[in-house]
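Please look at the structure below before reading on.

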Amino acid sequence: MATETLTMGKALNTGLRRALENDPKVVIMGEDVGKLGGVFRITDGLQKDFGDQRVIDTPLAESGIIGTAVGLAIRGFRPICEIQFDGFVYPAYDQIVSQVAKMHYRSQGKVTIPMVIRIPYGGGIGAVEHHSESPEAYFAHTAGLKVVTCANPQDAYVMIQQAIASDDPIVFLEPKRRYWEKGPVDLDAPLSGAYPLHAARVVRPGTDATVLAYGPMVRTALDAATAAAEDGRELEVVDLRTLSPLDLTAAYKSVRRTGRCVVVHEAPGNLGLGSEIAARITEECFYSLESPVLRVTGFDTPYPASRVEEEYLPDLDRVLDAVDRTFGW
């Protein structure tokens with residue numbers, strides 16, 4: 001078993017490399033993904049090894065990138081589109097919603113769109129405007145799209161390969177501030193026996209309250225659980241991993257045991273994923289709940305200037321405060 005300690009960025013790079021090696025129909029396309037290796041170097045070295053016909057530097061035109069990828073997918077290729085930053089995806093939103101999400105349904109199942117749209121998302125890196133957004137709710141709300149997000153290097157390595165192998169269009173959200181965090185990665189793990197792509201996972205067991213998180217907030221939730229344990233309170237942390245379709249099976253089981261639930265995400269609270277999750281938890285676990293389901297989210301404002309972003313982002317203290325409030329009912 002070849003287990004190595006890799007950053008999330010390197011794990012994604014290695015997963016992309018494996019996909020390119022295993023299927024000649026896999027192509028990567030995006031702004032600066034080739035010679036530069038991507039702004040975060042996630043595609044570093046891939047054009048050198050696989051050529052500029054499979055790792056393609058595109059014009060600065062997100063709508064063109066996605067539109068071209070739709071044509072490639074229809075013709076049997078498996079395009080992987082990189083959107084350089086989360087806030088740059090909106091020029092491509094029409095293509096994603098009107099074409100990518102609907103082509104399979106519109107063709108009565110005759111046409112598949114096996115493409116992956118990679119989007120580095122979220123804040124915490126001191127970036128400028130349009131570089132720190134969390135657009136997941138737009139895509140999770142769109143029927144016909146699947147949306148997933150990784151939270152650690154092992155999941156990054158496996159999930160990107162699973163997404164590429166899928167015949168469905170998948171928006172693959174990468175928490176950019178976690179790119180440099182390291183963890184063990186089993187490079188020999190077969191995809192056939194891997195944890196399912198569209199399934200949540202308990203990443204820390206606990207008995208007193210359930211914290212649901214995804215992407216960049218999983219680390220925050222785990223840090224909060226570690227801090228809470230010092231005061232004798234055991235928090236169970238569930239990494240949702242898949243946002244559409246939502247898998248709340250593990251969450252339901254957890255909440256029925258703990259009786260308390262806090263949902264954490266970076267995106268603004270108004271109509272965010274936390275709202276849907278809280279509604280479903282309330283419907284399914286009503287008689288087990290000891291308090292309302294609470295949300296810890298970003299604020300309902302445009303993402304702020306980097307010098308004050310730490311005031312905007314949910315942190316350990318805000319998570320612990322919400323947990324404390326669940327015990328006040």
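**Largest pocket**

The lining of the largest pocket divides into 19 nonpolar, 10 polar and five charged residues (Ala, Val, Leu, Ile, Met, Phe, Trp, Tyr, Cys and Pro count as nonpolar, Asp, Glu, Lys and Arg as charged, the others, Gly among them, as polar). The model is predicted: local features need pLDDT of at least 70, side-chain atom pairs count only at pLDDT 80 or more, and totals for chains, interfaces and linings use all residues. Residues are numbered from 1 along each chain as its sequence is written, and side-chain values use heavy atoms, with hydrogens and water left out.

- Among the 34 lining residues, Ser134, Ala137, Tyr138, Ala267 and Pro268 lie nearest the centre of the largest pocket (a pocket is an open set of points on a 1 Å grid over the protein atoms alone, where a 1.4 Å probe fits, with protein on both sides within 12 Å along at least five of seven lines; lining residues have an atom within 4 Å of a point).
- Helix H10 (273-285) is one of the elements that each supply at least two lining residues (helices are DSSP runs of H or I, at least four residues, and strands runs of E, at least two, numbered from the N terminus).
- H10 gives the largest share, four residues.

**Valine 171**

- Valine 171 sits in strand E7 (residues 170-175).
- Valine 171 is buried, at a relative accessible area of 0% (buried means under 20%, with a 1.4 Å probe and protein chains only).
- Arginine 118 is 53 residues from valine 171 in sequence, but 6.2 Å away in space, C-alpha to C-alpha.

Key: Buried means under 20% relative accessible area, exposed over 50%, partly exposed in between (1.4 Å probe, protein chains only).
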